[in-house]
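Subject: The structure we talked about

Dear colleague,

I am passing the structure on to you below, and after it you will find what came out of going through it. Please keep the sequence and the 3D view open side by side while you read.

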Amino acid sequence: MTIRSRTVAWSGALSALLAVAVVASAGMGSVSIPPATVAKALLSADPLPFAFDVGRTNRIIVVNVRMPRIALAALVGFALATAGTVMQGFFRNPMADPSIVGVSSGAAVGAVATIVLPFAFPFGLELQGAAFVSAVVTAFAVYLIATEDGRTPTATLLLAGVAVQTFLGAVISLLLLHSGMSIRRVVYWLMGHLGGTTWAEVRVIALVLPPLFLLLLAYARDLNVLLLGEEDAHALGIEVERTKRLLLAASSVVTAAAVAVTGVIGFVGLIVPHGMRLLVGPDHRILLPTSALAGASFLVATDTLARSGSAEIPVGIVTATLGAPFFLYLLRSREVTGL
Amino acid sequence: MNDPDRGAGEPLVEIRDLDVGFGETTVLDGVDATIDSGRFVGLVGPNGAGKTTLLRTINGTLAPDAGSVTVEGRRIQELSSKAASRLVATVPQDTAVAFEFDVRTVVEMGRNPHRSRFGGWREADSEAVERAFEWTDTEQFADRAVSTLSGGERQRVLLARALAQESPLLLLDEPTASLDINHQVRTLELVRTLVARGKTAVAAIHDLNLAAQYCDELLLLADGEVAAFGPPASVLTEDALGDAFGANAVVSRHPVTGSVYVTALPEGRRAGGEADRGRVHVVGGGGTAARYLYVLDAAGYAVSAGALNEGDTDAEAARSLALDVVTVDPFAGVDAAARDAVEQRVDAADCVLVADVEVGTGNLPNLRAAANAEHVVLVEDRPFAERNYVGSEARRVYESLRSRARVVEPPDVPSAVAAAVSGGYATTADGDDAATTATDAADDRVARPSDVQE
């Protein structure tokens with residue numbers, strides 16, 4: 001089977017899985033709605049041409065209350081898994097995750113500062129805008145720190161990322177000390193959450209993600225060649241530094257767009273690409289789309305769990321409690337020899 | 001290949017006044033060479049001479065500080081990586097891979113220079129990959145993960161990847177470094193075949209003798225400069241090697257392949273130089289003594305050998321070291337004249353070394369002569385009975401020789417000879433201590449523990 005047909009088959013299957021997860025999730029909650037009704041309600045939503053009669057209440061619950069949150073979960077899962085796949089390939093390290101160059105720490109500093117500090121940011125930046133800007137600025141700063149003479153060795157980048165994350169961690173701790181009454185909001189944000197989502201929040205990431213994902217997909221082959229090592233990649237006709245810059249920028253913006261909205265949701269960008277790599281192999285032409293789709297399903301499913309208990313818990317806690325054991329299971333049940 | 005009109009023998013790679021450095025360190029200094037199409041050029045030289053740096057500059061990984069590299073008349077530094085990788089394909093040295101790609105995917109990556117980002121996989125790509133598989137005999141691994149292959153197999157896969165690039169020039173960085181001798185030879189044979197099919201190959205090769213055997217031309221790099229460039233026999237001279245490697249080497253013809261053959265000597269004295277540690281006569285034959293001739297000569301003894309048949313390996317070794325050697329005609333026994341000559345040398349010697357030689361009627365006189373020596377060191381690797389082709393007479397001679405000799409195993413020869421020459425050993429077994437002491441005293445380059453502590 002060629003790589004193209006394998007990609008189509010896997011992507012088709014994972015898209016179907018995502019559709020099932022979305023419909024099932026939209027049916028679950030304080031009011032239980034059967035899947036057929038959910039599907040009809042979704043198909044009759046605004047831009048779509050169908051007009052099934054599912055009742056006004058069902059339609060509002062599915063389309064206006066549950067769907068924004070589910071769509072955000074899917075998009076954020078998609079984004080984090082995409083960025084995680086690219087970062088693991090980029091660093092040739094299966095333990096790399098989307099925030100390895102400090103994107104999440106940067107977003108957290110921006111968000112926490114907005115909540116805690118008594119003054120507003122300039123340019124009318126809201127919490128999400130501030131988080132996004134500080135995430136991108138952090139990634140860019142790490143890149144500049146690690147770059148010398150136009151070359152950015154990945155090892156230096158990794159260490160610079162770790163150092164900057166540690167530093168920003170201290171900044172966040174300091175801000176927490178002075179957070180006073182708003183500490184609950186800060187902690188809630190830091191744990192990663194999808195509650196109270198509106199369509200407006202979904203729209204931003206829905207606009208940012210597709211073009212960047214397609215760009216990264218167009219570089220899947222370059223990412224494969226980069227896995228052989230930079231020297232080999234150069235000998236095989238890859239403009240190594242330019243490609244690295246582009247991959248780093250695109251995946252950082254993708255991550256920033258996600259964490260700015262939802263806070264730091266861990267493990268999705270780490271275990272989903274890792275798990276998919278064990279299933280479909282290391283070739284990014286198939287790994288990138290399948291990881292992204294699996295990441296979307298994973299976050300939709302875990303967020304459904306997070307909100308289905310008597311009290312809602314931040315989804316970041318669920319992804320970590322489910323993700324870590326699953327990761328360990330993968331490690332133990334398959335021989336993991338490398339990327 | 002890109003340019004079918006470019007015939008063999010025309011300049012393909014032109015390296016002009018190339019300076020390459022890392023920061024303050026100059027690695028290549030004014031390297032100038034022209035490599036003709038259809039040649040297999042071996043890059044030889046000591047560690048740190050700049051072999052890998054030169055390869056990395058030819059393929060465009062490193063930018064030179066001055067000078068230029070052109071391939072097919074195009075300056076590599078001015079080309080995009082993609083354009084450069086259509087001219088130059090590189091087989092990397094480090095073939096250990098930490099990923100699970102299957103072999104076909106890796107070889108297909110060799111087509112990257114010819115593919116546009118959104119272009120599909122074309123017929124020409126398939127053909128190039130199939131040809132690469134065929135030429136390297138790697139198709140049978142196509143669906144296996146690269147990480148499951150052995151070092152030699154992985155080497156061939158990386159060669160296949162380079163062939164898929166369809167570049168006229170192939171660079172190989174130490175293609176034999178991590179391989180056993182069988183795979184070293186197979187790899188170089190394969191490169192030879194590729195050169196015969198129209199490729200031009202430049203390979204950094206550590207092993208001078210393999211390089212001499214397989215390459216059309218050698219480029220000897222020393223201290224970042226071209227020390228010599230030309231056919232192996234013109235490059236691998238004792239003087240050039242001595243200058244480049246700062247080591248003692250003996251150059252001869254390999255008896256089987258007929259190519260130039262280099263033997264490195266263990267210590268820092270030039271062959272044929274003055275000798276002042278004492279006189280040693282060596283009785284050997286059939287290659288049993290060649291090693292000791294090198295070692296003892298290098299250690300500074302005045303070494304004589306014989307009697308040996310002309311053409312014998314040991315005789316050749318003695319010749320190449322310019323030693324005093326008594327010879328007789330091929331297949332002839334040791335005649336009276338030769339025996340006199342041997343006895344003279346035995347008398348003059350401070351020590352006679354008898355190698356683990358096979359004894360027939362022809363060379364029995366050698367043993368008889370040796371029995372008169374002042375000090376005898378006898379190498380016994382195999383029992384004498386296994387190498388006695390004469391019978392009881394030879395055994396008697398050998399036994400009497402053995403009773404007066406210090407009997408040693410091959411590795412102990414230098415220390416035993418040192419002890420014998422300084423006269424400090426008894427013919428009994430308790431000579432061990434004396435021998436050790438004498439050796440330590442003689443070898444003043446060995447730092448004593450007390451020196452280290454200070």
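Strand β14 of chain B, which spans residues 302-309, is mostly covered, with seven of its eight residues buried. Please keep in mind that this is a predicted model. Strand β13 of chain B, residues 279-283, runs parallel to β14(B), and the two are joined by four bridges; within this pairing, V282(B) stands opposite A305(B) in β14(B).

Elsewhere in chain B there is an open sheet of four strands in the order β2-β1-β4-β5, with antiparallel pairing. The edges are taken by β2 (25-36) and β5 (74-75) of chain B, each of which has a single partner strand, so one side of each is left without a neighbour in the sheet. Strand β4 of chain B, residues 66-71, is joined to β5(B) by two bridges in an antiparallel arrangement, and there T70(B) stands opposite R75(B). As background, strands of a sheet pair through backbone hydrogen bonds, either parallel or antiparallel.

For chain B as a whole, there are 17 helices and 18 strands, and 51% of its 454 residues count as buried.

Is D125(B) buried or exposed? Its relative accessibility is 0%, and because buried means under 20%, D125(B) counts as buried. The side chain of D125(B) reaches the backbone nitrogen of R122(B) at 2.9 Å, and, leaving aside neighbours within four places in sequence, D125(B) is in contact with R111(B), H114(B), R115(B) and G120(B).

In one of them, the side chains of K244(A) and E230(A) meet at 3.0 Å, N to O; K244(A) lies in helix α11 (residues 240-262) and E230(A) in helix α10 of chain A, so the pair ties together parts that are 14 residues apart in sequence. K244(A) counts as buried at 4% relative accessibility, whereas E230(A) is partly exposed at 22%. In chain B, the side chains of R39(B) and E217(B) form a salt bridge at 3.4 Å, N to O, and this pair links distant parts of the chain, 178 residues apart, with R39(B) in the loop between β2 and β3 and E217(B) in strand β9. Here R39(B) is partly exposed at 27% relative accessibility, while E217(B) is buried at 14%. Salt bridges that share partners also join R111(B), R122(B), D125(B), R131(B) and E166(B) into one network.

Finally, there is the interface between the two chains, where the contact takes 23 residues from chain A and 27 residues from chain B. Together they bury about 2,300 Å², 48% of it on carbon and sulfur atoms, and R221(A), H234(A) and L236(A) supply 27% of the area that chain A buries against chain B, more than any other three residues. The count between chain A and chain B is three salt bridges, including one in which the side chains of R56(B) and E231(A) meet at 2.5 Å, N to O. On the side of chain A that touches chain B, α9 (220-227) and α10 (230-235) each supply at least two residues, and the largest share, five residues, comes from α9(A).

With best wishes

Methods. Residues are numbered from 1 along each chain as its sequence is written. Chains are lettered from A and ligands numbered from 1 in the order in which they are written. This is a predicted model: local features need pLDDT of at least 70, side-chain atom pairs count only at pLDDT 80 or more; totals for chains, interfaces and linings use all residues. Side-chain values use heavy atoms; hydrogens and water are left out. Contact means heavy atoms within 4.5 Å. Buried area is the accessible area (1.4 Å probe) that two parts lose on being put together, summed over both. A salt bridge is a side-chain nitrogen of Lys or Arg within 4 Å of a carboxyl oxygen of Asp or Glu. Buried means under 20% relative accessible area, exposed over 50%, partly exposed in between (1.4 Å probe, protein chains only). Two strands pair if DSSP finds at least two bridges between them. A polar contact is a pair of N or O atoms within 3.5 Å; within protein, one must be able to donate a hydrogen and the other to accept it, and residues adjacent in sequence count only if both atoms are side-chain atoms.
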